[in-house]
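I am opening my notebook on a structure that is new to me. Come along and look things up with me, one entry at a time.

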Amino acid sequence: MSSIAESISRAESVLAASGVAEPRREAMSLLMLATKKDKAFIYAHPEHFLTRDEVILLDSFLERRSNREPLQYISGVQEFYGLDFEVTPHVLIPRPETEIAVERTLEILRPSGGGFICDVGTGSGCIAVSLLHELQSARALGLDVSLDALSVARRNAKKHRVAGRLKLTESDVFSSLATEKFDLIVSNPPYVPADEIAGLQAEVRDFEPHGALTDRSDGLSIIARIVQGAPQFLRRRGHLLLEIGVDQSERAAEMFDKKVWRRPELFPDLQGIARVISARLI
């Protein structure tokens, strides 16, 4: 058997050799996962020996991570907007830039105390669930073409006690809607151009669902469908918020008809890159 200190050193070497970024930090994470011990215990007890089952489990995690499977799919969890979300290979791993859309939505809806929200391409449900967790009187409809993704979103809604206010429906963009009217539509759509997929990190390219990453075109086709279709399902002066790619702000802004929408606003990430576009019906 090996100690915690020896296990971290070995795991770090294995991950570094596989090209994993920040191998020591990830070695720590995998060790905590395998031993079910927190960081404080790991730091305080470097001499503690792992059990045989813990070594076997750590080795299986190391093999998966060395193959560049994301840590989040190994652990099954990713934190987003202060909540832990279940993630599986059927859904995108929630990312910090998507929190910009949540923050902006909250700014819009908090004065009224809630509203009716549509989350297009809900995936894990991280946007809709986070919003309902913050807005106690809000309701939401989550749409996704993937039944597997909707199952994950349903479990996340139940976990965070908002399932009674979140309806989940299989839909290709707005295809399943009829006469619904929303105060706000929000989406993190597939916006990666097809010709950029090959250049993505192995963790993203080889493991995250391509249907949620790319429109298999120029990255703008589903954004365009949402912008064009949204007015039919928004209430008067309703809002639309979209996460967009790093170089898509200008082209996305041009999609908003000036006769229908007020001038779109752009919201940057921490690097100053516009990652969310928002507009309100006239």
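**Entry: a strand pair.** I looked up strands β8 (residues 265-268) and β9 (residues 274-280) in this predicted model. They pair in the antiparallel sense, and I find four bridges between them. Across from L266 I see I277 in β9. Five residues lie between the strands of this hairpin, and G272 has a positive phi near 80° there.

**Entry: one serine.** Next I went to S171, in the loop between β5 (166-170) and β6 (182-187). Is S171 buried or exposed? I noted a relative accessible area of 3%, under the 20% cut-off, so S171 is buried. Setting aside neighbours within four places in sequence, I list L143, D144, V145 and S176 as its contacts.

**Entry: the largest pocket.** I then turned to the pockets, and the largest has a volume of about 950 Å³. It is lined by 47 residues, and L92, N188, P189, A212 and L213 are the closest to its centre. Among the elements that give two or more residues to this lining are β3 (116-120) and α7 (126-134). α10 gives the most, with three residues. By class I have 24 nonpolar, 14 polar and nine charged residues in the lining of the largest pocket.

**Entry: the second largest pocket.** Here I wrote down a volume of about 490 Å³. Of its 21 lining residues, E26, R65, Q72, Q201 and E203 are the closest to the centre. β1 has the largest share of this lining, three residues. My class list for the second largest pocket reads eight nonpolar, three polar and ten charged residues.

Notes
Residues numbered from 1 in each chain as written. Predicted model: local features only at pLDDT ≥ 70, side-chain atom pairs only at ≥ 80, totals over all residues. Heavy atoms only, no water. Buried < 20%, exposed > 50% of the residue type's maximum accessible area, 1.4 Å probe, protein only. Contact = heavy atoms within 4.5 Å. Pairing = 2+ DSSP bridges. 1 Å grid on protein atoms, 1.4 Å probe; cavity = no way out; pocket = protein on both sides within 12 Å on 5 of 7 lines; lining within 4 Å. Points joined across faces, edges and corners; volume = space filled by probe spheres on them. Nonpolar A, V, L, I, M, F, W, Y, C, P; charged D, E, K, R; others polar.
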